[in-house]
Amino acid sequence: MGRPGLNRRQLLAAAGGVAVAGSFGFAALGTGADALAASARTRVRYWNLFQGGDGANMATMVDAFRASHPDVAVKDSTLTWGGPYYTKLAMAAAGNRAPDLAVMHQGRIPGFAPGRLLDPFDMDLLSRYGVREADFNPVLWKRGIVDGKLYALPLDIHVQLCFYRKDVCAKAGLLDEHGRLPAATSTDDWFAVLRAARKQLRNGVQTLGLHANDQNFCWWFFVAFYQQLAGTYFTDDRTDVTFDTDKATEILEFFRKHVTDGYTVAGEADGEAFLAGSPFTWEGDWSVPYFGDQVEYGAQPLPPVFGRPATHAESHSFVLPHQSGRGGAANEGAHRLAAHLVRHATAWAGGGHVPAYLPTFKDPAYLELAPQDEYSRPAMEHPATEPRIWFAGSTGTLAQRIGPVIASSNLGSAKPPTAARRMRDVLEELLAMKNPMDGRTAAQELTGAAA
């Protein structure tokens, strides 16, 4: 268990990512990351966690900014994805050694104690550089606001998807007149789809890649289906757990059936198996450039088998790590860079992510992309996000603690009802814990009470 999609993302050649970006008008201008231009008047330090195809696309976008803003020198640094990145970012902010601009998963914002380790954006500066609230997905924009101030400027939403091979599905008679897979609206319908597809496979080929033993994917998939059942986690005042173990058991039994009925092989390299002939895999939208044109496939949100559309979503956002003396040219340059990147994100969207900036989302160049044209709108309309609480967010404590419990049910070392009760126990433990960033419980943070 570890960084989701690590091997697949590392396998993405940087040249390929640049080619995708270049096809939308962003010429590759070199990395420019190892030195600052001596003649530049403004210098901006920028940290991100993007590697593989995402890293190549971001480097191209930053280079495009350099070319159009020669008076701003950007020193961009790519750090290790996941926990190590957030640890280093927190330490830098606490020690007054923070960069001017950084990337953060939006779900991690509450854990970084806005006002302590993060500084709010200056709305006048953002407006000067073309950023308006009306031009962003409203749900994402509101999730970046704490105490009336914007702490996270959204770049995208990235979602979990059901990728399907059109060759296998066509042979199984599963595609509609438009060559797409109709969404299964019940668990019975979904397993009927899997049965039909399996009949087209040779022995040894799995039907669905489920990442059955990966803690991050296990948690992300659970979040999606739990929201389909309208499940909740905590009371509004964050003083009690409302987690529904009956609903959780229903979902865990659904996951487990994929393994016990032989549709999923635990430990399989799911993305690679998909390319080798497996008809389905559940993966993040960042897999779009990896699959590329190697096979003909479609991609849609996770199937609404519990009757209510919802697929797990996170957001890459720009943040301002805390600086005791924030202000001046570097701060203005950070706002200028962030505004430019969110407003010129067609190349980023080409890598599979759904742009948060609505003019890009509605851009004809984006609307013509496949398979994005199949999943972007429903994903934007029905995102399933983690609870907004300090221990949530991508690779956060919540995934680290609950993901393995879900995996234990998937693999058969714990029965679904037992795992569901353990999930509730973990939530109760975390709710009583104090955020190490500010020494307060979730309830205290919500009310502003002292630690």
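How many residues line the largest pocket, and which lie nearest its centre? That was my starting point for today, and I kept in mind that this is a predicted model.

**Entry 1: the pocket**

I counted up the lining and got 18 residues. Nearest the centre of the largest pocket I found Pro110, Pro114, Val146, Glu445 and Leu446. I noted a volume of about 440 Å³ for this pocket.

Next I looked up which elements the lining comes from. Strand S5 (145–146) and helix H20 (442–447) each give at least two residues to it. H20 has the largest share, with 4 residues.

Then I sorted the lining by residue type. My tally for the largest pocket reads 9 nonpolar, 7 charged and 2 polar.

**Entry 2: two helices**

I moved on to a helix pair. Two packed helices are described by the angle between their axes and the distance between the axes, so I looked up both values. For helix H8 (residues 187–198) and helix H10 (residues 245–260), the angle is about 15° and the axes are 12 Å apart. Angles under 35 degrees count as roughly parallel, so I wrote down H8 as roughly parallel to H10. I also noted that H8 passes H10 in a right-handed crossing.

Which residues make the contact? On the H8 side I listed Thr187, Trp190, Phe191 and Leu194. From H10 come Phe254, Lys257 and His258. Sorted by type, the residues of this contact of H8 with H10 are 4 nonpolar, 2 polar and 1 charged.

Definitions and conventions. Residues numbered from 1 in each chain as written. Predicted model: local features only at pLDDT ≥ 70, side-chain atom pairs only at ≥ 80, totals over all residues. Heavy atoms only, no water. Axes fitted to C-alpha atoms, helices over the stretch in contact; angles between N-to-C directions. Parallel < 35°, antiparallel > 145°, perpendicular 65-115°, else oblique. Left-handed = near helix turned anticlockwise from the far one by under 90°. Contact = heavy atoms within 4.5 Å. Nonpolar A, V, L, I, M, F, W, Y, C, P; charged D, E, K, R; others polar. 1 Å grid on protein atoms, 1.4 Å probe; cavity = no way out; pocket = protein on both sides within 12 Å on 5 of 7 lines; lining within 4 Å. Points joined across faces, edges and corners; volume = space filled by probe spheres on them.
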